[in-house]
Amino acid sequence: MKPSNISEERLEHSQTALRSVKLLVSCYLAISVLTLVFAIFMRNNVALVTPAVWIRGSIVAASALLTLIFALQMARGSSRGYLRLRIVSAIMLVAIIVIIVLPGVFPFWMKIEQGVCGLLLLGVVVIVNGKGLRSAFAAR
């Protein structure tokens with residue numbers, strides 16, 4: 001076993017939390033990809049698909065993919081994956097809050113989509129910072 005991995009026993013006690021995180025992050029990725037698909041289909045409607053939608057949509061989809069990779073690493077017991085997931089999910093949650101409150105930059109539909117993504121990430125942040133996973137990944 002690598003030193004950066006947690007023990008199998010501690011990982012077993014956290015299976016419900018790990019499954020929940022993987023589900024939330026998978027939904028986050030799916031919504032992010034569907035947002036880009038929507039933007040592609042609606043690209044000729046400049047009121048719905050602005051340059052900001054393309055930029056933010058691409059960044060969110062890429063970060064959602066990275067978030068899923070980190071969640072899968074964490075589920076395999078990687079302490080580094082756990083730390084990366086904690087950091088990325090918190091940063092993206094803050095970025096989403098900023099997007100929602102910024103007036104006029106993003107169309108309303110994207111603010112709704114970002115709100116849904118924010119709720120999913122809020123769940124991730126709560127779980128990965130909860131006592132169960134923190135103690136499972138605590139230094140030995």
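Take contacts in the chain between residues at least 6 apart in sequence, and 76% of them join residues at least 24 apart; a contact here means heavy atoms within 4.5 Å. Keep in mind that this is a predicted model, where local features need pLDDT of at least 70, side-chain atom pairs count only at pLDDT 80 or more, and totals for chains, interfaces and linings use all residues. Residues are numbered from 1 along each chain as its sequence is written, and side-chain values use heavy atoms, with hydrogens and water left out.

The chain has 6 helices and 0 strands, taken as DSSP runs (H or I, at least four residues, for helices; E, at least two, for strands) numbered from the N terminus. Of its 140 residues, 41% are buried, meaning under 20% relative accessible area, with exposed over 50% and partly exposed in between (1.4 Å probe, protein chains only).

Now for the rings. The whole structure holds 2 aromatic pairs. Rings of Phe, Tyr and Trp (its six-membered ring) pair if their centres lie within 6.5 Å; planes under 30 degrees apart are stacked, over 60 edge-to-face, the rest tilted.

| Pair | Type | Centre to centre | Angle between planes |
|---|---|---|---|
| Phenylalanine 38 and tryptophan 109 | edge-to-face | 4.7 Å | 65 degrees |
| Tyrosine 82 and phenylalanine 137 | stacked | 4.3 Å | 5 degrees |

Phenylalanine 38 sits in helix 2 (residues 15-41) and tryptophan 109 in helix 5 (residues 108-128), so their pair ties together parts 71 residues apart in sequence. Phenylalanine 38 is partly exposed, at 31% relative accessibility.

The other pair links tyrosine 82 in helix 4 (residues 79-101) with phenylalanine 137 in the segment after helix 6 (131-136), 55 residues apart. Both tyrosine 82 and phenylalanine 137 are buried.
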